[in-house]
Amino acid sequence: MTMYVAAIDQGTTSTRCMIFDHSGSVICYDQKEHEQIYPKPGWVEHSPDEIWERTQSVIRGALAKGNLSASDLAAVGITNQRETTVVWNKKTGKPVYNAIVWQDTRTDLICNELAKDGGQDRFREKVGLPLATYFSGPKVRWILDNVEGARAAAEAGDVVFGNIDTFVTWHLTGGTNGGVHITDVTNASRTMLMNLATLDWDDEILGIMGIPRQMLPAIKASSEVYGTAVGDLAGIPVAGILGDQQAAMVGQTCYSPGEAKNTYGTGCFMLLNTGTVPVQSKNGLLTTLCYKFGNAPAVYALEGSIAITGALVQWLRDNLGMITSSGEVEALANLVEDNGGIYFVPAFSGLFAPYWRSDARGAIVGLTRYVTKGHIARAVLEATAYQTREVLDAMNADSGVDLTALKVDGGMVFNNTLMQFQADILGVPVIRPKVAETTALGAAYAAGLAVGYWNNTDELRANWGVDHTWTPNLDAEKRASLYKGWKKAVTRTFDWVE
């Protein structure tokens, strides 16, 4: 009998293959980092070829560590860094340019040009998104405008586009030898090109952006059999695709309207399930697809996206050398009692929700001679919690529902200092589940549902369990005072880029 489901989790800094059993427990995994390429200030790229090489390597590594073969798997699901844009030649399999990463800000001129007619919310009613450098559509436009021969090849149907999920799925199912060119609704909803109501590419927006429809993948459900893998997973159904934050919603079993989670990774992403009707935000949040299982109606979400959280700890490690591993930041922060009066606003690629200010840049404010590297480390952790509070406030305002607890996941949730401060500044309990790797788990769930490994979402809910709960222990006056300081600090980052 087939016993397991695999998930490929292609993230911003690394790629993992994780293998789960029926209870949602991790059996084995393998992980490899890939290079972060910064050609100019504000530009962030990855090598698509390196990502595909890493993907194959971690599939082999996970199978070897579990002493498994492909025949032990019922299905494989894919989850991915969203909005990161790849354009490649389908005849050769070669990218025409590096992948342009979601954090990249080079498309600000394109976005500003598009906003001249109708403002930043020009397409929001259709796509749920503001005009921002974050999303894939303007990145595709940049490649077509700046890479010699790309536009002509796209119009001829030789060059195609996809977020990373599409690129990996195409290779996984055969590449130049019959690979399927598809995406799912969650990834399509991050391009600024998909109509939320029809779940299809919007011809009017494609025309305005100058993107040929023939280069776009077919849009599918998040859980269905798309094709069959070749190579190391030969014969296994490829049966689930979810953008990483939506995958975490599925892994956290947030299947009812009003349920929310926050994922702490390179960035921070809070999603709230709003049911089968899209809710337009009035408070700087994104309206996005949550998931679509097979033929069932699509489920929507409100999302608050924060660009820099875990990436700020990496910056402390790689750029300043204050720590040698990310795990050391907690001990450094705990050398001091508080932040020493400083705030660190990490607007390295502008500010995402709820501001959407591409003109902002990072700042440390409130510096005095008293401040040590311990205070900076604490301010780095606190920045994540403050940004999450801003998103939660916007969510409460949009939904009219006050969140009573926050489910959390991702790499930073094992930092107790951060999680306690998060509970303190929100004033609600913060809950970590037993399986904190909910992104990969969500992709596995989607794939397993499609092939009948799991029968329904009730089975998935039964797998979820609490590992740890942090309860707030900060008085309301102190909470308000600290948060007021943060809001003041954020304003100091505006209008930096002319």
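A pocket is an open set of points on a 1 Å grid over the protein atoms alone, where a 1.4 Å probe fits, with protein on both sides within 12 Å along at least five of seven lines; lining residues have an atom within 4 Å of a point. The model is predicted, so local features need pLDDT of at least 70 and side-chain atom pairs pLDDT 80 or more, while totals for chains, interfaces and linings use all residues. Residues are numbered from 1 along each chain as its sequence is written, and side-chain values use heavy atoms, with hydrogens and water left out.

**View 1. The largest pocket, lined by 38 residues.** Thr13, Tyr264, Gly265, Thr266 and Gly411 lie nearest the centre. The space in this pocket is about 960 Å³, a volume being the space filled by probe spheres set on grid points joined across faces, edges and corners. Helix H10 (310–318) is among the elements that supply at least two lining residues, and H10 gives the most, with four. Helices (H or I, at least four residues) and strands (E, at least two) are DSSP runs numbered from the N terminus. The lining divides into nine nonpolar, 19 polar and ten charged residues. Here Ala, Val, Leu, Ile, Met, Phe, Trp, Tyr, Cys and Pro count as nonpolar, Asp, Glu, Lys and Arg as charged, and the others, Gly among them, as polar.

**View 2. The second largest pocket, lined by 24 residues.** About 660 Å³ of space lies in it. Nearest the centre are Tyr38, Val44, Trp315, Asn319 and Phe348. H10 again gives the most to the lining, here five residues.

**View 3. Strand E8 (residues 159–163).** Strand E6 (residues 85–89) runs antiparallel to E8, joined by five bridges; strands pair if DSSP finds at least two bridges between them. Asn89 has Val159 as its bridge partner in E8.

View 4. Trp43 lies in the loop between E3 and strand E4 (45–46), and Trp142 in helix H4 (residues 136–146), 99 residues apart.

How values were computed: Buried means under 20% relative accessible area, exposed over 50%, partly exposed in between (1.4 Å probe, protein chains only).
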